[in-house]
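I opened the notebook to write down what I looked up, one place at a time. The entries follow the order in which I went through them.

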Amino acid sequence: MRVDMPGGIAHFIVMPNLHDFYRRYPDIYLMIGVNDRQVDLVQEGVDCVIRTGELNDSTLVARPLGRFRWVTCASAAYLEENGTPQTPQDLSYHRAIHYFSGRARQAGEMRFARGTEKISVLVNGTAAVNETGLYIKMCLEGFGLVQLAENVVSEHLREGRLVEVLADWQPGSVPVHLLYPHQRFLSPAVSAFADWVAGLVRDRDSATC
């Protein structure tokens, strides 16, 4: 079976646990596509995809896998040089690493929520990327602030390479779904993979609550 997923999920959630998958399902042959863009499942011969964020494709069957808590963070070196923002308004004195995709969204926008209050802030930056691994790498190198799923940077946060900021103004949590075409029968292999990855997302979600 072929499954496509964002780079952050592939590198930091699926890959560290892949031996467990093959212990449970040694006869399943996985073709893992790593892609932060939205693929066309039918045209590209993909059995299922993992997507984060709100869904806008009604032609696919969506199975909820869980939610990711998002964090705003930067390297310790960046914060030592530039100071630590205390409010979203402080970000006018900071820079961010911008993330872009095929979706119609301002690349430099950071979103925050506190209680019922929600705000969006445009943060200056000097570079934009469209791949999660590079996004994290640039943050580790001190190029600026980022917003992403806590799950994919939990080790960096735990070991102090990255530091969460504005914890009182967390971005909203992000839903995670496994999607497959309406007309395609959900094979036992896809069903097994969906159950397995849902367990990973739930375990990590509960561990960060």
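I began with terms: I call a residue buried when its relative accessible area is under 20%, exposed when over 50%, and partly exposed in between, with a 1.4 Å probe and protein chains only. The model is predicted, so I note that local features need pLDDT of at least 70 and side-chain atom pairs count only at pLDDT 80 or more, while totals for chains, interfaces and linings use all residues. Residues are numbered from 1 along each chain as its sequence is written, and side-chain values use heavy atoms, with hydrogens and water left out.

**Strand β5**

I looked up Ser75 in strand β5, taking helices (H or I, at least four residues) and strands (E, at least two) as DSSP runs numbered from the N terminus. Ser75 counts as buried, at 2% relative accessibility. Counting heavy atoms within 4.5 Å as contact, and leaving out residues up to four places away in sequence, I found that Ser75 touches Cys139, Leu140, Gly142, Arg161 and Leu162. Ser75 and Leu157 are 82 residues apart in sequence, yet 9.3 Å apart in space, C-alpha to C-alpha.

Thr72 also has its place in β5, which spans residues 70–75, and it is buried with a relative accessible area of 1%. I then asked which side chain a polar contact of 3.0 Å joins to that of Thr72. The partner is Gln147, where a polar contact is a pair of N or O atoms within 3.5 Å; within protein, one must be able to donate a hydrogen and the other to accept it, and residues adjacent in sequence count only if both atoms are side-chain atoms.

In helix α6 (residues 150–158) I listed the buried residues as Glu150, Asn151, Val152, Val153 and His156. Gly160 follows α6 and has a positive phi, near 85 degrees. Leu166, a residue other than glycine, also has a positive phi, near 55 degrees; Leu166 sits in the loop between β11 (162–165) and β12 (174–181) and counts as buried at 7% relative accessibility.

**Aromatic rings**

I paired rings of Phe, Tyr and Trp (its six-membered ring) if their centres lie within 6.5 Å, with planes under 30 degrees apart counted as stacked, over 60 as edge-to-face and the rest as tilted. The count comes to 6 aromatic pairs. The rings of Phe193 and Trp196 have centres 5.9 Å apart and planes at 45 degrees, so this pair is tilted. Ring pairs link Phe21, Tyr22, Tyr25, Phe193 and Trp196 into a cluster.
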